[in-house]
Amino acid sequence: MEYVTYKLSSVALLCLFFRSPPFVSSELNYKFYDSSCPNLSKIVQEGVRSAIANDSRIAASLLRLHFHDCFVSGCDASILLDDTSTLKGEKNALPNKDSARGYEVIDKIKLALEEACPCTVSCTDILTLAATSAVYFSGGPYWPVALGRRDGLTASIDAANNDLPSPFEPLENITAKFAAKGLDLQDVVVLSGAHTIGFAQCFTFKTRLFNFGDSGKPDPVLDTSTLTKLQRVCPNQADSDTKLAPLDSVTSTKFDNFYFKRLVNKSGLLQSDQLLMGDNRTASMVISYSRFANLFNKDFGASMVKMANIGVLTGQNGQIRRNCRVLEMEHTCYTLLTCVTLFCFLFISPPLVSSQQLNYKFYDSSCPNVTKIVQQGVWSAIANDSRIAASLLRLHFHDCFVNGCDASVLLDDTSTLQGEKNAIPNKDSARGFEVIDKIKSKLEEACPSTVSCTDILTLAATSAVYFSGGPYWPVALGRRDGTTASKDAANNDLPSPFEPLENITAKFTAKGLDMKDVVVLSGAHTIGFAQCFTFKPRLFNFDDSGQPDPTLDTSLLTNLQSVCPNQADSDTKLAPLDPVTSTKFDNVYFKRLVNNSGLLQSDQVLMGDNRTASMVISYSRFPYLFNKDFGASMVKMANIGVLTGQSGQIRKNCRVVN
């Protein structure tokens, strides 16, 4: 491979110095993924190389991300977790807030790996390999990495604030923090050498330029020419705090030993770096590394191996996250693999479709990257707007329930066609059209006039569930797009949150679905939001009684009345369908129904009928069962009234009939 040619000497060096493998946890292994994900290293390397090509600063950011992960409760990818209502992550800790970068790079690599090897590679191993690749592609050494780490189940903003070394701390404090992680004074010096690449914000060193030690004067140790240059970059005013200066101004994007040369010349940027020349023990190492680049490269690899083994989780500890930003449900990755197996079992003969022309390999030759392009589009959309996952799922539902799955919901009104976007169930609430547009544009570029908007909607809904922590299910493809739309059918056929269960069930039955599908697909309300007008009668005037719905949990009632006061201007305000985990696809929705805390009347009525209540209770107890049944019901729904063969068309623009 082209990216492993110019460092063969480094590999040879490391083989020499690592005659016996460096210490690793007994369950870490250099061949851990050889069978389960043989292209792992290639996928990570390509992701990092592409990121560096777009942003030369990202190499240092990925290296820092790995360091900031391992120093907080061990290497467990806790730094990647987003905040939730029940978890306060590390991204907003002082050392990370507005400075930690590279999350999107890890996201993209994870997406590619989930496509190649679902539920196999941990986010922690990705971070470790990404840091290694970042150094390598910046001209630094290569070192072998033992793999098999698993992802942590929590994060700690307090630990991040306390355990990460600060650029303002004295050397003894920094050394103590390293020692607490099993690292020694040599590791302090060697790993500080990572500052040979990257930038620092002015506030991290500005006191050295103007008010060192509250003296009102610059740091007398700092080289005068460096001081003058830095004072121009970072003037003594608050609005310069977030400006950037290179940690090594000579070769800021090249991994070399210039950092140490600058320390010897009193030109270190951070006080915590320059302090290494103020202690005889560390100064001797700095001088050695400034003279012998090969020695630094060798020792850097060894220290990185040590750091990458801090507090690792292996075996059955932790989990394998599918989305590095979100914790998995209990046994979710087990569920994913089992679901695939179950579908193979359940679908020994292909699932019922309206035509034999739907096929799991329909685009294998004509558009082999269709799944990847759709997934990337959905992933990017969710990263920008966590609500969009539920919107895409709803869009697919609202399409299939109106004259079949034909992408009619995407058509704009024209002088000759009154579309479905302005039907009552869709007007001012249906979202996600722009996401489908962007995906379609990418697909038209890759495979012109090949992939239908209907298949895009189907795959987008599947991906939206999957990236929200829900199940995966295989999708047969080959649907074609309708040439018309019906506002009247949208108004009549789509279930309403105000309808009784018998009406909703009848509408499902008319589409070939049954009562089980009613319950299962209602579980899609585990993610997303609803406008106040859809449930406000339950809060103030249930069934024209002038009183709230007596079945509604009283604490929830109080909360909702504050969000949606009894006045017209609150009608379009939003409340989460599941306030506990509103962006995570799980079974909490069913647990809330059991506790009389369903938001919509049409949801809570599922507990008022013995036939549906028994299913709700089962799904509230067994998330695995819900995941399996949800995939099966989604397959059924995605096959309602599909057009195949020569029927319909392949739209070039999903909003307009060709």
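These are my notebook entries on a predicted model.

**Ground rules.** I number residues from 1 along each chain as its sequence is written, and side-chain values use heavy atoms, with hydrogens and water left out. Since I work from a prediction, local features need pLDDT of at least 70, side-chain atom pairs count only at pLDDT 80 or more, and totals for chains, interfaces and linings use all residues.

**Entry 1: the whole protein.** I looked up the secondary structure and found 28 helices and four strands. These are DSSP runs numbered from the N terminus: H or I with at least four residues for helices, E with at least two for strands. The radius of gyration is 29 Å, close to the 26 Å of the globule rule for 658 residues, so the protein is as compact as a globular protein of that length. I took that radius over C-alpha atoms; the rule is 2.2 Å times the number of residues to the power 0.38. Along the principal axes, the C-alpha atoms fill a box of roughly 85 × 55 × 50 Å. Buried residues make up 55% of the 658. My cut-offs are under 20% relative accessible area for buried, over 50% for exposed, and partly exposed in between (1.4 Å probe, protein chains only). Of the contacts between residues at least 6 apart in sequence, 77% join residues at least 24 apart. Contact means heavy atoms within 4.5 Å.

**Entry 2: α4 against α5.** I checked α4 (residues 103-116) and α5 (residues 123-137): their axes come within 10 Å and cross at roughly 120°. Axes are lines fitted to C-alpha atoms, for helices over the stretch in contact, with angles from 0 to 180 degrees between N-to-C directions. The two helices are therefore oblique to each other. Oblique is what remains after under 35 degrees (roughly parallel), over 145 (roughly antiparallel) and 65 to 115 (roughly perpendicular). From α4, the contact uses Ile-106, Ile-109, Lys-110 and Leu-113; from α5, Cys-123, Ile-126, Leu-127 and Ala-130. I sorted these residues into seven nonpolar, no polar and one charged.

**Entry 3: Lys-110.** I then followed Lys-110, which is found in α4. Lys-110 is buried, at 1% relative accessible area. Not counting residues up to four places away in sequence, Lys-110 touches Val-121, Cys-123, Ile-126, Ile-320, Arg-321, Arg-322 and Cys-324.

**Entry 4: Asn-92.** I placed Asn-92 in the loop between α3 (58-70) and α4. Asn-92 is partly exposed, with a relative accessible area of 38%. Leaving aside neighbours within four places in sequence, Asn-92 contacts Asp-83, Lys-97 and Ile-157. Asn-92 and Ala-160 are 68 residues apart in sequence and 9.3 Å apart in space, C-alpha to C-alpha.

Methods:
Nonpolar A, V, L, I, M, F, W, Y, C, P; charged D, E, K, R; others polar.
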